[in-house]
Amino acid sequence: MSDEELPDTFLEDKTYGYPRTFDPNFKGPVAKRSCTDVLCCIIFILFIIAYILLGLVAWVHGDPRRVAYPTDSKGHFCGQKGTPNENKTILFYFNLFSCTSPSVVVNLQCPTTQICVSKCPEKFLTYMEIQFAYRTNTHYWTYYSQFCKSPFVKPAKTLTQVLLDDDCPTAIFPSKPFLQRCFPDFTTKNGTLTVGNKTTFEDGNGKTRNAIELRTAANRVNKILDARAIGMKVFEDYATTWYWILIGLTIAMLLSWMFVILLRFIAGFLFWVFMVGVIGIIGYGIWHCYQEHSNLQGRPNSHLTIYDIGIQTDISLYFQLKQTWFAFMIILCLLEAFIILMLIFLRERIRISVALLKEGSKAIGYLPTTLIYPVLTFIFLSICIAYWAVTAIYLATSGVPVYKVISPEGKCKHENTTCDPEIFNTTEIAKACPGAQCNFAFYGGKSLYHQYVPTFQMFNLFVFLWLVNFVIALGQCALAGAFASYYWALKKPDDIPPYPLFTAFGRAIRYHTGSLAFGSLILALVQMFKFILEYLDRRLKEAQNNISKFLQCCLKCCFWCMEKMVKFFNRNAYVMIAIYGKNFCRSARDAFNLLMRNILKVAVMDKVTDFVLILGKILVAGCIGVLAFLLFTHRLPTMIEGPTSLNYYWIPLLTVIIGSYLVAHGFFSVYAMCIDTIFICFLEDVERNDGSAERPYYMSQSLLKILNEPSMQTKKH
C-alpha cells in the first residue's frame with residue numbers, strides 16, 4: 001500500500017521521522033516518554049561524581065590560608081593564629097630595590113628576604129646610622145630590630161657581616177600596609193615624587209637613592225597603591241547608595257515585566273516605527289549627499305577622482321570630491337531600495353513574526369511563573385561558579401612549601417634550583433654564589449597528585465563549563481515544555497494543564513538528562529577549545545610571527561562562529577525534545593530540517609525578535625539610567641532627595657544601568673525562549689495540519705487571520 005492510500009492517522013514523514021498528520025489525541029508535549037541518551041547520562045553522572053571526588057581531594061591537600069595570608073621567606077604564614085607570627089600580619093621586604101619586576105613582588109618571588117612584622121616602618125633609618133645612634137640612645141635599635149630576622153641585644157655586627165648573614169635590612173623607608181605587605185609611602189608635592197617627604201635618601205649600602213628609583217622598582221605596585229584611595233571612595237559610594245541601587249533594580253524588574261506583557265499591543269507599532277525611522281534616516285543621507293554633490297559643482301579640483309589623488313592621510317580631501325559624495329549617494333540608494341523591497345516582499349512573514357511576538361506576550365501572561373525561573377537558573381549557576389572557584393583555589397594551594405635559590409645579581413649557575421633553607425648556608429651553593437638566598441617560591445610537591453594538579457585544573461574548568469551549559473539547557477527545555485503546553489491547548493487558557501512549568505521541568509530531569517547533557521557537552525568542548533586557544537595565544541604572544549597570528553585569528557573566528565551555531569541548534573533541539581521526547585540527535589535533525597524548510601521565516605523571525613528584545617533592554621536600562629542620573633546628581637530635589645556627598649556618582653549610576661540591563665536580559669531570555677517555542681510549534685502546526693474541519697490548526701485566531709485562508713479554523717471540542 002502506498003503512502004497516498006494510508007489513512008491520515010497512520011501517515012508518517014519518511015524523511016524527517018516524526019508524525020506530521022493530524023492527530024485528534026495530540027494535546028501538546030508527549031506524556032508517554034522513555035529515557036533518552038542513557039549512555040551520555042551515565043557519563044555525565046560519572047563526571048559529576050569524579051568532580052565531587054576531585055573537590056574532596058583538593059580540600060584535603062589544599063590550604064586556602066596560603067591565599068589569605070602572605071608567606072615569608074621560610075614559608076610561614078603572617079598573622080596565622082596559634083603561631084609565633086600571630087600578631088605579625090604584614091610582610092616586609094628587606095631590599096625592595098631588588099624587586100625589579102612588580103609581578104615578582106605580588107607573587108612573593110622577589111630575590112630578597114621577606115619577614116613578618118606587626119607594623120611597617122614609619123621613618124628613614126640605615127643600619128650604619130643605628131650603630132652610631134645606639135651609643136647614645138638604645139631606643140633607635142629597639143625600633144630598628146623589629147625588622148630583623150631575630151632579635152639582637154645590640155647592633156654589634158658590621159655592615160658586611162649583616163649583608164652576608166642577611167639578618168637585618170641595610171635600610172628602612174616610610175611605608176604603608178597594602179594587601180598585607182609593606183610598600184613605600186609615595187606622595188607628590190608640587191609635582192615632585194617623594195617618599196616620607198624626602199626626594200633622596202641613603203639605601204644603607206653607601207648609595208644615595210631617590211624616590212623615582214624606588215618607584216621604578218615597584219612601579220605597578222605604586223599604581224595599586226594609588227588605586228587604594230579610589231577603591232575606598234568607591235566603597236563609600238556603594239555604602240551610601242546601596243538601597244537606591246536595589247530600588248532601581250526593582251523598578252527595572254517591574255518595567256521588564258510590563259514591557260513583556262504590553263508587547264501584545266505595541267510589538268507591531270515598535271517594529272514599523274523603527275523601520276520608518278531607518279528609511280527616513282537613509283533618505284536624509286541620500287538628500288545630504290545630493291546637496292554636497294551639488295555644492296561642489298564648479299569648485300576647482302572637485303572633478304578629480306579618488307584614483308587621481310591616490311592614498312592620502314588627510315581624509316577630508318576625499319570629501320572635497322564629487323565622486324565621493326556620488327558614491328555615497330549610490331550606496332545609500334541601493335540600501336534604501338533593498339530595505340523597501342524586503343519590506344514589500346517579506347511583509348507577510350513580518351506580519352507573522354509580529355503576531356508571534358504578540359502571542360508570546362500573551363503566553364507569558366497566562367504562565368507568569370515562567371518569569372521566576374531565571375532566579376532558579378541564577379541559583380544553580382551561582383552554585384556551579386562557587387564550587388569551581390573553591391576547587392580551583394584548593395588545587396592552587398595544594399602541596400608543601402618549595403624553596404629555590406635566588407641570587408640578587410642573577411648570575412649564579414644554581415639559580416632557580418630547589419634548596420633547603422635549614423642547611424642552605426652550609427652547602428656548596430652558598431659558597432659558590434655569595435649573596436644567594438634560599439627563599440620560599442611556591443607550593444608544590446613531587447607526589448603523583450601534585451604532578452597532575454595542572455591536569456586537575458583543566459578538568460575542573462571543563463566540568464564547570466559542562467555544568468553551566470547543562471543548567472542553561474535545563475532551563476530552556478523546561479520553559480519550552482511549558483510554552484508548548486500553552487500552544488497546543490485546545491481552549492486557552494482553560495485547557496492549559498496545571499503547573500505546566502513544574503511538569504516540564506520534571507519531564508526534562510526524569511527523561512532527558514542524557515539528551516541535555518549531550519547537547520551541553522558539545523558546547524562545552526567548543527568553549528574549552530576556545531579557552532585553550534586563548535591561553536596559548538597569551539603564552540606565545542611574543543614568539544608569534546605574522547602568519548601564526550593570522551592563523552590564530554582565523555581559528556578564533558571559526559570557534560566563535562561554531563559556538564554561535566551550536567547554541568542556535570541546541571536551543572531548537574531542546575524545543576523538539578520538550579515536545580516529542582526524542583533523543584538529542586534526532587531532535588536536532590528534526591529541528592534543523594524544519595527550520596531549513598522555512599528558512600525565510602526563520603531569518604525574518606530571528607531579526608524581528610532580536611530587534612524587539614534589544615530595544616526592550618535598552619529602553620529599560622535607559623529609563624532607569626536617566627532616573628538614577630537625575631537622582632545621583634541632585635536634579636530632583638523638589639520630588640525626592642537623593643544620596644549626598646558622593647565621590648564618584650557615575651559608579652552607582654553604571655551599577656544601576658548594568659544591573660537593570662541584566663535584569664531585563666533575564667526577563668527577555670524567558671520571552672525569547674517563548675517566541676522560539678511558539679515559532680517551532682507554529683511551523684509544526686502548519687506542516688501537520690491543513691486547516692480543514694478534519695485537520696484544523698491549533699494556532700490562535702490572530703495567527704489564523706494573518707494566514708488569511710477562510711478554510712482555516714481552530715480545533716473545536
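Tutor: Begin with the cut-off. Rings of Phe, Tyr and Trp pair if their centres lie within 6.5 Å. This model is predicted. One aromatic cluster in it is formed by Phe-44, Phe-47, Tyr-51, Tyr-387, Phe-459, Phe-462, Trp-466 and Phe-470.

Student: How many aromatic pairs are found in the whole structure?

Tutor: The search finds 26.

Student: How is a pair described?

Tutor: By the distance of the ring centres and the angle of the planes. Take Phe-47 and Trp-466: the centres are 5.2 Å apart and the planes stand at 70 degrees, so this pair is edge-to-face.

Student: Is Trp-466 buried or exposed?

Tutor: Buried means under 20% relative accessible area. Trp-466 has 1%, so it is buried. Phe-47 has 25% and therefore counts as partly exposed.

Student: What kind of pair do Tyr-574 and Phe-584 form?

Tutor: A tilted one, with 6.3 Å from centre to centre and 50 degrees between the planes. Tyr-574 lies in helix α18 (residues 546-580), Phe-584 in helix α19 (residues 584-596). Tyr-574 is buried at 3% relative accessibility. Phe-584 is buried too, at 5%.

Student: Which ring does the charged end of Lys-123 sit over?

Tutor: The ring of Tyr-143, at 4.8 Å from the ring centre.

Student: And the chain as a whole: how many helices and strands are there?

Tutor: There are 22 helices and 12 strands. Of the 717 residues, 45% count as buried.

Note on methods:
Residues are numbered from 1 along each chain as its sequence is written. This is a predicted model: local features need pLDDT of at least 70, side-chain atom pairs count only at pLDDT 80 or more; totals for chains, interfaces and linings use all residues. Side-chain values use heavy atoms; hydrogens and water are left out. Helices (H or I, at least four residues) and strands (E, at least two) are DSSP runs, numbered from the N terminus. Buried means under 20% relative accessible area, exposed over 50%, partly exposed in between (1.4 Å probe, protein chains only). Rings of Phe, Tyr and Trp (its six-membered ring) pair if their centres lie within 6.5 Å; planes under 30 degrees apart count as stacked, over 60 as edge-to-face and the rest as tilted. A charge sits over a ring if NZ of Lys or CZ of Arg is within 6 Å of the ring centre and within 35 degrees of the ring normal.
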